[in-house]
Amino acid sequence: MPPFPRPVSHETSPPQVALGLEASWRRCGHDYALDPVAPWMPQVLCDAELRQCCQRAGALPRHAEAAMAQLHAMLAPLGYATLLADAQGVVLAHRVDPAIRRGSRRWCLWPGAVWDEMREGTNGIGTCLAEGRPVSVHAIQHWRVALRGLACVAAPVHDALGRVAGVINASSFHPTQDGRETALIGAIVTQAARQIERACFMDRYRGHAVMLLGEGRDGSVPMIALDADRVVVGATHAARVHMGVAPAQDLNFCLLADAPTATAEGGDLRHAQKMAIRSALANARGKVAVAARMLGISRSTLHRKMRMLAPSDTQAC
């Protein structure tokens with residue numbers, strides 16, 4: 001077993017420890033049957049295996065470089081390492097301050113380490129992938145006792161087709177005892193995930209008109225890509241959730257059509273339509289004719305849509 005200092009607490013199921021992570025702890029205990037006090041033997045890929053993972057990840061590491069550099073600049077003074085993992089929990093890239101390089105390697109905060117929840121228990125990268133949402137796992141919230149000297153904050157990174165492509169993670173092996181910085185770090189990490197997604201989306205739909213449909217959802221920003229005929233051909237994860245469209249599903253419909261057939265039942269299409277109109281009007285500085293051209297519809301159609309979608313606040317829309 002690696003020479004890690006063991007935390008004092010060996011409890012395995014105090015409710016305060018699993019706050020917000022109850023489902024993960026149930027999976028660890030019942031589905032995976034992991035022994036929380038068993039010696040920790042982390043899986044680390046060899047160089048050839050790591051190269052294969054990086055090749056499968058495609059352009060993700062390249063799109064993540066700027067966000068990781070910014071995240072590292074903000075969190076390195078707090079003793080945090082910045083990691084990028086793929087959809088299987090394999091660490092592909094990292095940013096680590098020289099002062100914590102040795103410790104980061106010892107704790108497997110390093111390329112090639114595999115942080116799959118099924119093997120390592122509740123942890124930032126693995127649990128983020130298992131639940132598809134931003135998570136933070138502080139000290140004794142880890143399932144394995146050997147990992148309770150870590151603090152991990154992670155957010156999923158989505159590709160241009162709305163699929164979870166990986167995880168951006170910040171981890172420290174010298175966390176504060178009360179975890180008071182977790183919420184702030186979580187917001188910064190989530191913003192980095194959105195930045196990476198935006199880079200992936202803008203690269204894939206270069207030359208298309210891209211429209212923002214409101215605020216971000218977890219680690220995703222609702223954006224759509226329109227072709228020259230103003231037909232929706234691309235959408236991020238958050239936009240697909242709004243419209244009820246599955247990840248990777250082909251898109252080819254007019255967002256403001258009266259009866260679009262590409263959306264799935266249960267999608268909040270009215271919200272997506274309203275946000276598209278608001279975005280176009282904002283970009284057109286309130287000029288309806290200009291906004292209508294952006295949306296690929298007539299001015300009269302836009303007026304009708306505004307009345308139909310927001311009868312109580314047409315002017316605000």
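**Ground rules.** I work with a predicted model, where local features need pLDDT of at least 70, side-chain atom pairs count only at pLDDT 80 or more, and totals for chains, interfaces and linings use all residues. Residues are numbered from 1 along each chain as its sequence is written, and side-chain values use heavy atoms, with hydrogens and water left out.

**Aromatic pairs.** I looked for rings of Phe, Tyr and Trp (its six-membered ring) with centres within 6.5 Å; planes under 30 degrees apart are stacked, over 60 edge-to-face, the rest tilted. I found three aromatic pairs by this rule.

**Trp25 and Trp143.** Their ring centres are 5.3 Å apart and their planes meet at 85°, so I logged the pair as edge-to-face. Trp25 sits in helix α1 (residues 22–31), and Trp143 in the loop between β3 (135–138) and β4 (151–158), 118 residues apart. Helices (H or I, at least four residues) and strands (E, at least two) are DSSP runs, numbered from the N terminus.

**Trp40 and Trp115.** I noted this pair as tilted, at 5.7 Å centre to centre and 35° between planes. Trp40 is in the loop between α1 and α2 (47–56) and Trp115 in the loop between α4 (101–106) and α5 (117–120), so the pair ties together parts 75 residues apart in sequence. Trp40 is buried at 1%, and Trp115 is buried at 4%.

**Glu120.** I found Glu120 in helix α5. Glu120 is buried, with a relative accessible area of 1%. Not counting residues up to four places away in sequence, Glu120 touches residues including Trp40 and Trp115 (contact: heavy atoms within 4.5 Å).

Terms used. Buried means under 20% relative accessible area, exposed over 50%, partly exposed in between (1.4 Å probe, protein chains only).
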